[in-house]
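Try each task by yourself, then follow the solution step by step.

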Amino acid sequence: MNRRHFLASSGLLGLGIHCGSLARGGSEQETSQNLLGSFSCTENQVAIYTHAQVKPTRIFHITDTHLSLDDERGVKYLEYSKRMANAYKSNRHFQTGEAFSAEESFEQTLDLAIKQEVDFLALTGDIFSFPSRAAVEWALEKLTDTGIPFAYVAGNHDWHYEGMAGSAHQLRDTWCSKHLKPMYQGNKPLYATYDLNGIRFVCIDNSTYEIEPEQLAFFKTHTRNDRPLILLMHIPLYMPGRSLGFGCANPNWGESSDRNFRIERREKWRAGGHTRVTLEFYDEVFNASNLLTVLAGHTHRHTLDIKNGVPQLVSAHNAAGYYLDVNIATLHV
Ligand SMILES: [Fe+2]
């Protein structure tokens, strides 16, 4: 339903009333209705109601599984994979406290998705602890077996062989187009859309903490229209009061605040802070009248923030069995 139709059917056309229940500021947004009608979150259950016409849709948001299985093809990369190959080996389930592996966690989450007839799987990075061919093949087979459509965007570990020469941008370009390629199902690694039931899922790879000009231009072509969006990224967007893990567009991000570059054996974050492009992307996200929510990972903690009427949900890590169960439907009141 477009804004004019909504206003006419709700009897508010002559009153000049702005109907977005979670109003977004800015003069440009006042010309179009916010598509987010209501939003609620109870533990890992999320309900989103939109003013747009959508088919009721259930998605599982899965992030940070940190799969590290490998085979003989990974032997020549052991020097670069050894630290992360030993991380997340013993996990405790977030509900039962039971001990199990990251692989078991991923399988259990997918089994639940099948049982509960989930419509879509949103994978927001660090599904892998390093770009292991064996892990990618294993995960892809498991995902394909579910028969559920999915979208994948990389996290900072998916493409990172620690200690390998090259900048973050170079390593991401190399390993996303080599070992991780099948996860993109023919789409571009840096940005892509997936449409389902009247909802558009927009993937933006911000696993370097930054946004590239072509990603900003792409995102802008999908905002401020009548198609409801869900934005999938790995690194959460900056929220005042949150940690540096909310690093994309964070004013404190940069060379002087990078504490982990030695442990992760990578180049230090760039000096000079975030670029104008990343900051412009940030503003675009929090002024997008058709954006229902941002789904991110990276911090391994479940959090919810709302900025300018736009929710940002961060899921805890699937290595511990966590996932978000997100239900989207049209608001009929
Ligand atoms: Fe992670």
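Predicted model: local features only at pLDDT ≥ 70, side-chain atom pairs only at ≥ 80, totals over all residues.

**Exercise 1. Look at the hairpin of β12 and β13: which residue takes a positive phi?**

Solution. 
- Step 1: Go to the two residues between the strands of this hairpin; one of them, N308, has a positive phi near 55°.
- Step 2: Check the strands (DSSP runs of E with at least two residues, numbered from the N terminus). Strand β12 covers residues 303-307 and β13 covers residues 310-314; they run antiparallel and are joined by five bridges. Two strands count as paired if DSSP finds at least two bridges between them.

Residues are numbered from 1 along each chain as its sequence is written.

**Exercise 2. Find the open sheet of six strands and say in what order they lie.**

Solution. 
- Step 1: Read across the sheet: β1-β2-β14-β3-β6-β7, with mixed pairing.
- Step 2: Look at the edges, where β1 (36-42) and β7 (150-152) each pair on one side only.
- Step 3: Compare directions inside the sheet. Strand β2 (residues 45-50) and strand β14 (residues 324-330) run parallel and share six bridges; within this pair, Q45 is bridged to D325.

**Exercise 3. Which residues have the most contacts inside the largest nonpolar core?**

Solution. 
- Step 1: Recall that such a core joins buried Ala, Val, Leu, Ile, Met, Phe, Trp, Tyr and Cys residues through C-beta atoms within 7 Å; buried means that 20 or more other C-beta atoms lie within 10 Å of the residue's own.
- Step 2: The largest core here has 85 residues, and L121, L231 and L232 have the most contacts inside it.
- Step 3: Zoom in on L232. Leaving aside neighbours within four places in sequence, L232 is in contact (C-beta atoms within 7 Å) with residues including A122, V153, F201 and L295.
- Step 4: Step back to the whole chain: buried residues are 42% of its 333 residues.

**Exercise 4. What average pLDDT does the protein chain have?**

Solution. 
- Step 1: The average is 89, and 90% of the residues score at least 70, on a confidence scale from 0 to 100.
- Step 2: Over residues 1-22 the pLDDT is below 50, and this stretch has 28 contacts in the model beyond near neighbours in sequence.
- Step 3: Residues 27-31 also have a pLDDT below 50, with four such contacts.

Definitions and conventions
Buried ≥ 20, exposed ≤ 12 C-beta atoms within 10 Å, placed from the backbone. Contact = placed C-beta atoms within 7 Å. pLDDT = per-residue confidence, 0-100. Helix = DSSP H or I, 4+ residues; strand = E, 2+ residues; numbered from the N terminus.
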